Amino acid sequence: MQMKKVYCIGELLIDFVAENQGKDLTQAVQFTKKAGGAPANVACAISKLGGSAVFIGAVGQDAFGQFLMDTLMAHGVDVSTAQRSQTFTTLAFVSIASDGERDFVFSRGADQTLSYQSSLGKQLQDSMVHFGAATSFLGGPLEDAYGRYLIDAQAGDCTICFDPNFRTDLWKNNETEFVQKCLPFIAAADLCKFSHEEALLLSGKKELSAACAYLHQLGCPVICVTLGAEGTWVSTLGGGVLVPSVAAKAVDTTGAGDAFIGCLLQQLAETESPKKALAQPELLRQMVAKANAAGAFTTQKFGAIAALPTQADL
């Protein structure tokens, strides 16, 4: 049985993380350059666990873009479908204040220039496609390509996964538009991964089980709501169950959600039919338990991609 490819569509960017943690960006002086972008993190998570991940996204033809492409290739991710743009590579500047709140400045660049390729749309046939871009609904050719690849994935009988990756910093006073843009993806997805905040925001509900019931009505049969140290709430049409996480001494939660969904997708890609696997409650619970362990492992090191586990770590 051949393992299915998982196509991860969206942004790949540079995170400049302030060295003097506990201060906001006005006082930050030194920064460490790290590869980032949720879909790229997921692709690396899948590949590090022995899966087959393909990244679809755009970076600049500059040194930062080259660093990002080199990073993905070093982790075994197929970047043959990635695009190089004349636009400067997207950058994010992040500082973590003493109260744990992130101070965040976003300099958007090449990620939004991703252009749709109809030949690639045909290539998606019978694969798995992960839509997990934080920047995909912010306009530019990327948003158009994102929507068109969703149509291709549906037409090609792909297993579709959606993670909205809501970033408050990117959607201040504009949450309603964000919710509207997510709805077609929730309706088309076989699997959705939300944070607790995202589940409530997207459903307009105040309580998790009501939120999941509403999101199922939109069309998604399997919803995983990550709850940090508590574990993951797995909701299917047959009901919900909390799958506990494993204890970990967290130093940096960046990328934990990406490690979780990457590990879950990697396991599904190894089954004969990911859609059928998602419909088996006990198998799904076992897979989520392992994915929880991947997420917990990632919180024990700084950075996202560098902290991702291999099979031996789990």
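Some housekeeping. This is a predicted model, where local features need pLDDT of at least 70 and side-chain atom pairs count only at pLDDT 80 or more, while totals for chains, interfaces and linings use all residues. Residues are numbered from 1 along each chain as its sequence is written, and side-chain values use heavy atoms, with hydrogens and water left out.

So, how many salt bridges does the structure hold? Eight. By salt bridge I mean a side-chain nitrogen of Lys or Arg within 4 Å of a carboxyl oxygen of Asp or Glu.

Let's take Glu-143 and Lys-181. Their side chains form a salt bridge, at 3.1 Å from N to O. Glu-143 sits in helix α4 and Lys-181 in helix α5, residues 175-188, so this pair ties together parts that are 38 residues apart in sequence. Helices here are DSSP runs of H or I, at least four residues, numbered from the N terminus.

Lys-181 also has a salt bridge to Glu-177, with the closest N and O atoms 2.9 Å apart. Those two are both in helix α5, four residues apart, which is about one turn of the helix. Put together, Glu-143, Glu-177 and Lys-181 make a network of salt bridges.

How accessible are they? Glu-143 is partly exposed at 22% relative accessibility, Lys-181 is partly exposed with 22% as well, and Glu-177 is partly exposed at 32%. The cut-offs: buried is under 20% relative accessible area, exposed is over 50%, and partly exposed is in between, using a 1.4 Å probe and protein chains only.

Next pair: Arg-108 and Asp-111, with closest N and O atoms 2.9 Å apart in their salt bridge. Arg-108 is partly exposed, at 22%, but Asp-111 is buried, at 0%.

What does Asp-152 touch, then? Leaving out residues up to four places away in sequence, Asp-152 contacts Tyr-116, Gly-121 and Leu-124, where contact means heavy atoms within 4.5 Å.
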